[in-house]
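Visitor: I'm new to this one. Can you put it up and walk me through it?

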Amino acid sequence: MEERIDSGLVPQIDLISMLKDIAKEWWAILLLSLAVALFADIWVNATYQPEYKTSTTFVVTAKGMNTNVYQNLNSTQQLAQQFTEILDSNVLKKKVAQDLNMSSLNIDSSVDLVPETNLITLSVKAGTAVESYRILQSIMKNYNTVSDYAIKNVIIETIQSPAVSMAPVNPLNEKKTMVIAFIAAVAVLMVLVAGISYLRDTIKNPKDVTSKLDTRLLGSIYHEKKSKSLNLRKKKEFVSMLISNPLRSFQYAESNKMMASRVRSYLDKENAKTLLVTSVMENEGKSTVAANLALGLAQEGNRVMLIDCDFRKPAQYKIFDMEGKNGDDLGKVLTGKAGTENLIRNWNDTNLYMILNRTSSNSIEAMLKSTTLRQIVGFCRQNMDYVIIDTSPLALVSDTEELAQMADASVLVVRQDTVLTKDINDAIDILNNTRGKVLGCVLNDASSSQITGSTAHYGYGGYYEKRA
């Protein structure tokens, strides 16, 4: 086996895997973002404090007959500064509070110069329009009690009387708040999903196989949508994922054929004929890989037997569209409910033969230890060039370990970016401790862009991959 590079290294950024993970979680991102937007709207409404602003404008002129524009502007600047100090004084605040019958008063006011003029604008903000108006009126009435000591030699005249404000100066914009909250939530959640994808130690591309796993790469099976026709998707008609189906893409078919050729080469080197095909978890597409491996070997002119020994969720009869066809099931034969006469079926007059199973069973342990099963496998080994055994996932049950003792070698199907590297290596160790040591692994459902640099669409559409 090839030497494995330390998997404890810092993981490499795989942008395509991150985008795939984000695409997988789009509904969760959408729902959570909508929830954040709604919560933001509720929070803003609960905490919203309207502010009403009332203003008045004064004209400032210097006392005396010989005043000029410069003097008026200079006086205005000085007055603005002094006015600010007056508004902050405790004396004026107490006067206004007494005038309004309030125990205390925190005046939110401002004094602004109108540029290049001798005009001053005095503004007051409060929680209600009436309150801001009353406070400003009280300031105008009482500021003289303080200003007489601070403001001298100027004449202050009101040129614009205050009026009650009709609308708050900080209107509540719920739509804008929700949009901003939604966009921010989407961005944060996408970054979070991308971060989790980056940190998750899975097999994301072919290079990860050689750098992280204790085995070799036998081939990468390109991603292929099950139904390319919208009408077929709507009708949910049977669409074969076999490489013999002319609807399958050239890329998908060739990747399976290359994998089959490489597997055959390694089998011949090991002088092995019986090959077990399994995966760590469900939904990794191991049954479809096993079917196409058997078909690919048969297309090379080899006599191949495909045995469905997944007694929990058999799938080969669906992959080959054999529902309702004549022939006995392996499960019935092993439980004594049928004989072996009609057990073997030929696939469309080709070099591919099959032993299928249709239903799951409760007596799996007894079937696996049955001498009949060993006799069947032995018979196939003697009369066929290669025997492919499809089994249950390793992580779920111990069936595969028992079957691996009957095989010469095994192949582990690894679906891209699905199972943790540690779990895959554990499965490899388990198989290597059986008679059917691991020949290598097949990277399934691989994006073409991660293999050749080209672009690809995502989303595994295969029904049988989900069943496998």
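Visitor: Which residues does Phe320 touch, not counting those up to four places away in sequence?

Guide: Phe320 touches Leu242, Ala291, Leu306, Trp347, Leu352 and Met354. A contact here means heavy atoms within 4.5 Å. One caution: this is a predicted model, where local features need pLDDT of at least 70 and side-chain atom pairs count only at pLDDT 80 or more, while totals for chains, interfaces and linings use all residues. Residues are numbered from 1 along each chain as its sequence is written, and side-chain values use heavy atoms, with hydrogens and water left out.

Visitor: Where is Phe320 placed?

Guide: Phe320 sits in the loop between α12 (316-319) and α13 (330-334). Helices (H or I, at least four residues) and strands (E, at least two) are DSSP runs, numbered from the N terminus.

Visitor: Is Phe320 buried or exposed?

Guide: Phe320 is buried, with a relative accessible area of 2%. Buried means under 20%, exposed over 50%, and partly exposed in between, using a 1.4 Å probe and protein chains only.

Visitor: How far is its C-alpha from that of Thr288?

Guide: The two C-alpha atoms are separated by 9.7 Å. Phe320 and Thr288 are 32 residues apart along the chain.

Visitor: New topic. How many residues does helix α2 have?

Guide: Helix α2 (residues 26-47) has 22 residues. From first C-alpha to last it reaches 31 Å, close to the 32 Å expected at 1.5 Å a residue. That expected span is 1.5 Å times one less than the number of residues.

Visitor: Which residues of α2 are buried?

Guide: Ala28, Ile29, Ser33, Ala37, Ala40, Asp41 and Val44. Their cover includes α1 (15-24) and α7 (174-199).

Visitor: And Leu34, buried or partly exposed?

Guide: Leu34, also in helix α2, is partly exposed, at 41% relative accessible area. Together with Trp26, Trp27, Leu30 and Leu31, Leu34 makes a nonpolar surface patch of about 550 Å². Such patches take residues with over 30% relative accessible area and no salt bridge, with nonpolar side chains joined within 5 Å. A salt bridge is a side-chain nitrogen of Lys or Arg within 4 Å of a carboxyl oxygen of Asp or Glu.

Visitor: What about Asp445, buried or exposed?

Guide: Asp445 lies in strand β12 (residues 438-446) and counts as buried, at 5% relative accessibility.

Visitor: What does its side chain contact?

Guide: The Asp445 side chain makes a polar contact with the side chain of Arg415, at 3.2 Å.

Visitor: Last one. How many helices and strands are there?

Guide: The protein has 18 helices and 12 strands. Of its 468 residues, 47% are buried.

Conventions. Patch = residues over 30% accessible without salt bridge, like charges linked within 9 Å, V, L, I, M, F, W, Y side chains within 5 Å. Areas by Shrake-Rupley, 256 points an atom, 1.4 Å probe, with all protein chains shown as cover. Polar contact = N/O pair within 3.5 Å; in protein donor to acceptor, adjacent residues only side chain to side chain.
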